[in-house]
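Please read it beside the sequence and the 3D view.

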Amino acid sequence: MADLRLRVGGVAAVIEEAKAVMSSGKPDEFLELLRLLHGDVKLLFDLTFKHNAPVPEANIRAASTILRRWLVDGDLERISRELIEPIKFPVSDTAPIVERVANTGTIDFFVTAGVMMNGFPIEGIHHSPLAPEENDIFPLLPMRLVHLDGRSFIRQKRLLYKSRWFTTEEILRYVANKLGGNHFDLRRPKFYGDLDGASQFMRYGGPEDGRGNSELYLILEPKSSEVIDGVHLEVIAIAASFIQASVGNTQLGTITVDKPGFLNPRRWMRRKPTFRFFDNADGGGEE
């Protein structure tokens with residue numbers, strides 16, 4: 001069986017380089033943050049990268065806690081201030097999608113994703129009330145890869161629901177706080193309610209009876225007994241970008257796939273992704 005592996009030598013290299021260019025009066029605190037980053041990159045990989053296996057929902061909530069601390073609460077910014085070059089994150093470029101939606105409004109739901117489900121890449125899941133031939137989003141897919149600095153990354157628009165885009169920061173706050181990944185937050189910022197709607201609109205599984213009250217349900221992980229939603233998919237994708245971030249030419253974590261010798265890559269790539277789709281809005285039928 002193929003096996004996913006992570007090499008985190010990049011973080012160690014950044015630690016060594018940083019020792020020579022310290023500009024603050026607190027080198028011990030800075031180096032300790034880098035050592036914590038080294039451990040958290042490995043932990044995020046263990047939580048969110050599963051080869052041919054579903055990622056448990058509990059793992060996603062745990063990952064959101066780690067990501068929030070680094071990206072939203074400022075720990076990564078504290079590290080960035082001491083580095084000569086900025087930390088850059090590889091992400092799918094949603095800017096053309098955002099612009100197209102603003103101009104035409106042909107879709108009412110969009111999930112950037114960029115994750116593996118049942119062994120296949122899933123990206124740009126969207127819903128349109130229009131007929132397929134009237135949907136002008138298809139020419140923009142797949143999205144190109146870009147590298148964003150930390151501030152741009154947390155402000156990136158990633159999930160659309162009813163003309164409202166949600167950013168990386170809002171998604172992480174929602175999962176880490178509202179869903180209990182960090183602590184259960186009884187406060188209700190307005191965007192929590194909006195993301196509740198996005199979570200209910202389209203779900204992914206999993207079990208055939210996992211639709212609940214969702215309008216759309218896709219069985220992307222037939223082996224899974226759990227149901228997740230677009231917000232969960234985004235946390236997995238954000239974790240992947242975080243793990244593979246880079247400082248200059250040094251990538252923090254490098255993900256590789258070790259495959260047995262008898263596996264034919266060409267045959268593997270010819271496999272076509274299949275999934276079952278349920279639409280409650282049209283009477284709960286299967287397509």
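S80 counts as partly exposed because its relative accessibility is 24%; on this scale buried means under 20% relative accessible area, exposed over 50%, and partly exposed in between, with a 1.4 Å probe and protein chains only. S80 is found in helix α4, residues 75–80.

The model is a predicted one, in which local features need pLDDT of at least 70 and side-chain atom pairs count only at pLDDT 80 or more, while totals for chains, interfaces and linings use all residues. Residues are numbered from 1 along each chain as its sequence is written, and side-chain values use heavy atoms, with hydrogens and water left out.

**Overall make-up**

The protein has 10 helices and 15 strands. These elements are DSSP runs numbered from the N terminus, helices being H or I with at least four residues and strands being E with at least two. Of its 287 residues, 47% count as buried. Among contacts with a separation of 6 or more, 65% come from residues 24 or more positions apart; contact means heavy atoms within 4.5 Å.

**Helix α3 and its two partners**

Helix α3 (residues 57–72) packs with helix α2 (residues 27–48), and their axes come within 10 Å and cross at roughly 155°. Axes here are lines fitted to C-alpha atoms, for helices over the stretch in contact, and angles run from 0 to 180 degrees between N-to-C directions. The α2 and α3 pair is therefore roughly antiparallel. For such labels, angles under 35 degrees count as roughly parallel, over 145 as roughly antiparallel, 65 to 115 as roughly perpendicular and the rest as oblique.

The α2 and α3 crossing is left-handed, a term used if the near helix is turned anticlockwise from the far one by less than a right angle, with right-handed used if clockwise. On the α2 side the contact includes L33, L36, L37 and D40, and on the α3 side it includes A62, A63, I66 and W70. The residues of this contact divide into 11 nonpolar, 2 polar and 3 charged. In this grouping Ala, Val, Leu, Ile, Met, Phe, Trp, Tyr, Cys and Pro count as nonpolar, Asp, Glu, Lys and Arg as charged, and the others, Gly among them, as polar.

Helix α3 also packs with helix α7 (residues 168–178), at an angle of about 130° and with the axes 8 Å apart. These two helices are therefore oblique to each other, and α3 passes α7 in a left-handed crossing. I60, R61, S64 and T65 are among the α3 residues that take part, and they meet a set in α7 that includes E169, L172 and R173.

**L71 in helix α3**

L71 is found in α3 and counts as buried because its relative accessibility is 8%. Not counting residues up to four places away in sequence, L71 touches L76, F89, F153, I154, L172, I238 and F242. L71 and R151 are 80 residues apart in sequence, with a C-alpha to C-alpha distance of 8.5 Å.

**Helices α7 and α8**

What encloses α7, and with which elements do its buried residues pack? Because 9 of its 11 residues are buried, α7 is largely enclosed by the rest of the structure. The buried residues of α7 include I171, Y174, V175 and A176. They pack against α3, α6 (150–155), β6 (157–161), β7 (164–167), α8 and α9 (230–243).

Helix α8 covers residues 190–201, and its 12 residues should span 16 Å at 1.5 Å a residue; the end C-alpha atoms are 17 Å apart, which agrees. The expected span is 1.5 Å times one less than the number of residues. F191, Y192, L195, D196, A198, S199 and F201 are buried in α8.

**Backbone features in loops**

The peptide bond from L141 to P142 is cis, with omega near 0°. P142 is found in the loop between β4 (120–127) and β5 (145–149).

K162 and S163 are found in the loop between β6 and β7. Each has a positive phi in a residue other than glycine, and each counts as exposed.

| Residue | Phi | Relative accessibility |
|---|---|---|
| K162 | near 50° | 57% |
| S163 | near 75° | 67% |
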